[in-house]
Amino acid sequence: MTDAPSRPAVEVRGLTKRFGARTAVDSLGFACAAGEVFGFVGPDGAGKTTIMRLLAAVMPPDAGSIVIEGVDAVREPERVRSHVSYMPQRFGLYEDLTVDENIAFFAELFGIRRNDRDARAARLLAASGMTPFRKRRAGQLSGGMKQKLGLTCSLIHTPKVLLLDEPTAGVDPVSRRDFWRILYGLRGEGVAIVVATSYLDEAERCGRLGLMREGRMLYCDTPSALKALMPGEILAIAAPAPRAARDVVASLEGVGGAILMGDSVHVVVDGAARRLGAIEAALAAANVPFDEIERIAPSIEDLFVSLLTEKAE
Ligand SMILES: Nc1ncnc2c1ncn2[C@@H]1O[C@H](COP(=O)(O)OP(=O)(O)O)[C@@H](O)[C@H]1O
Ligand SMILES: [Mg+2]
């Protein structure tokens with residue numbers, strides 16, 4: 001017997017969704033294999049939530065196809081939903097019920113047998129450090145714990161495909177790490193994970209990324225391949241008035257772009273060593289103070305901003 005050709009868990013072609021005159025998702029194509037984590041990154045309004053809702057078959061697309069585990073999601077949304085678990089941006093926990101009661105509720109909803117449910121819940125709760133809180137009401141949990149409980153409830157029926165919409169928005173770093181540890185474990189179980197995120201450190205944890213803007217996927221590749229697209233090097237200028245510093249350096253020779261990032265300006269240059277002197281001199285000449293300028297390794301964030309600005313021009 002020969003191996004069956006491996007079929008992606010999720011396969012999307014030409015996917016388009018409009019709301020009135022607005023095209024929220026425009027001719028999207030991508031695939032996600034079993035055991036892969038595929039991330040959609042992009043600013044607010046880029047279309048990430050719409051993609052998740054289309055994949056979860058909670059609304060139909062205007063055009064294109066979605067095949068999940070070999071099932072046509074547009075024609076058979078009900079069948080697809082049995083393979084998919086969808087954790088929306090705001091997961092609907094019952095605040096008056098305890099952690100255990102919430103899990104029991106979702107297990108019943110999915111028709112999970114008691115024994116299977118107890119073993120799985122115990123494992124997921126232990127992995128997320130939630131075991132001591134099983135009797136606490138969901139309304140009394142921290143934001144991070146609520147998200148972890150949401151994930152536990154989403155995973156109680158062992159889906160083939162897990163859809164997560166900004167799962168760690170507003171979550172503390174420790175809970176975030178727990179959360180990702182669970183996701184890596186699921187990857188090992190062959191679950192295909194599609195995650196939308198606006199955190200770029202989270203994006204770097206994905207196997208592949210789709211960079212979205214205004215409904216279009218502008219780039220799709222591994223984080224390291226995307227980083228290699230980064231033209232030039234990055235100088236970070238720490239300055240009390242970063243906006244003024246950006247305006248001074250943006251038009252200098254050898255500068256490909258300058259982006260505000262918190263209290264500093266990240267400047268894309270063709271060569272850090274070559275351009276440092278001229279940048280310092282220009283800031284001094286313009287009377288714009290700065291604390292320090294250092295070369296930093298590009299992050300997905302730098303890449304993202306530089307690629308998106310490039311395409312916008
Ligand atoms: N139900 C809806 N009705 C009208 N417009 C919508 C609806 N859902 C999303 N949109 C619009 O589609 C675009 C993409 O939104 P969304 O998918 O929520 O993006 P993201 O999750 O990346 O922030 C936005 O312009 C948004 O206003
Ligand atoms: Mg969204």
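Reader: What makes S11 and strand S14 a pair in this predicted model?

Author: Pairing needs at least two bridges between two strands. S11 and strand S14 (residues 292-296) have 5 bridges. Therefore they count as paired. The two run antiparallel.

Reader: Which residue in S14 is the bridge partner of Ile237?

Author: The partner of Ile237 is Ile293.

Reader: How do you know that strand S11 pairs with strand S13?

Author: By the same rule of at least two bridges. Strand S11 (residues 233-238) is joined to strand S13 (residues 264-269) by 6 bridges. One bridge links Ala238 with Ser264 in S13.

Reader: What makes strand S3 a partner of strand S9?

Author: Strand S3 (residues 37-41) and strand S9 (residues 208-213) share 4 bridges. At least two are needed, so they pair. Here the strands run parallel. Gly39 has Leu209 of S9 as its bridge partner.

Reader: In what order do the strands of the open sheet stand?

Author: The order is S6-S7-S8-S3-S9-S10, which makes 6 strands with mixed pairing.

Reader: Why do strand S6 and strand S10 stand at the edges?

Author: Strand S6 (84-87) and strand S10 (216-221) each have a single partner strand, so one side of each has no neighbour in the sheet. From one strand to the next, the twist averages 15°.

Reader: What does helix H5 touch on the sheet?

Author: Helix H5 (residues 143-154) packs on the sheet and touches S6 and strand S7 (161-165). Its direction makes about 165° with that of S6.

Reader: Why is the pair between Arg22 and ligand 1 called a polar contact?

Author: The cut-off is 3.5 Å between N or O atoms. A polar side-chain atom of Arg22 lies 2.7 Å from an oxygen atom of ligand 1. That is within the cut-off, so the pair qualifies. Gly45 qualifies through a polar backbone atom, at 2.7 Å from a ligand 1 oxygen atom. Thr50 uses a polar side-chain atom, 2.5 Å from an oxygen atom of ligand 1. The protein covers 64% of the 570 Å² of accessible area that ligand 1 has on its own.

Reader: Which element gives the most to the shell around ligand 1?

Author: H1 does, with 3 residues. Strand S2 (22-32) and helix H1 (48-55) each supply at least two.

Reader: What is the shell around ligand 1 made of, by class?

Author: It has 4 nonpolar, 4 polar and 3 charged residues. Among the residues around ligand 1 are Phe19, Lys48 and Thr49.

Methods: Residues numbered from 1 in each chain as written. Chains lettered and ligands numbered in written order. Predicted model: local features only at pLDDT ≥ 70, side-chain atom pairs only at ≥ 80, totals over all residues. Heavy atoms only, no water. Near = heavy atom within 4 Å. Polar contact = N/O pair within 3.5 Å; in protein donor to acceptor, adjacent residues only side chain to side chain. Areas by Shrake-Rupley, 256 points an atom, 1.4 Å probe, with all protein chains shown as cover. Nonpolar A, V, L, I, M, F, W, Y, C, P; charged D, E, K, R; others polar. Axes fitted to C-alpha atoms, helices over the stretch in contact; angles between N-to-C directions. Contact = heavy atoms within 4.5 Å.
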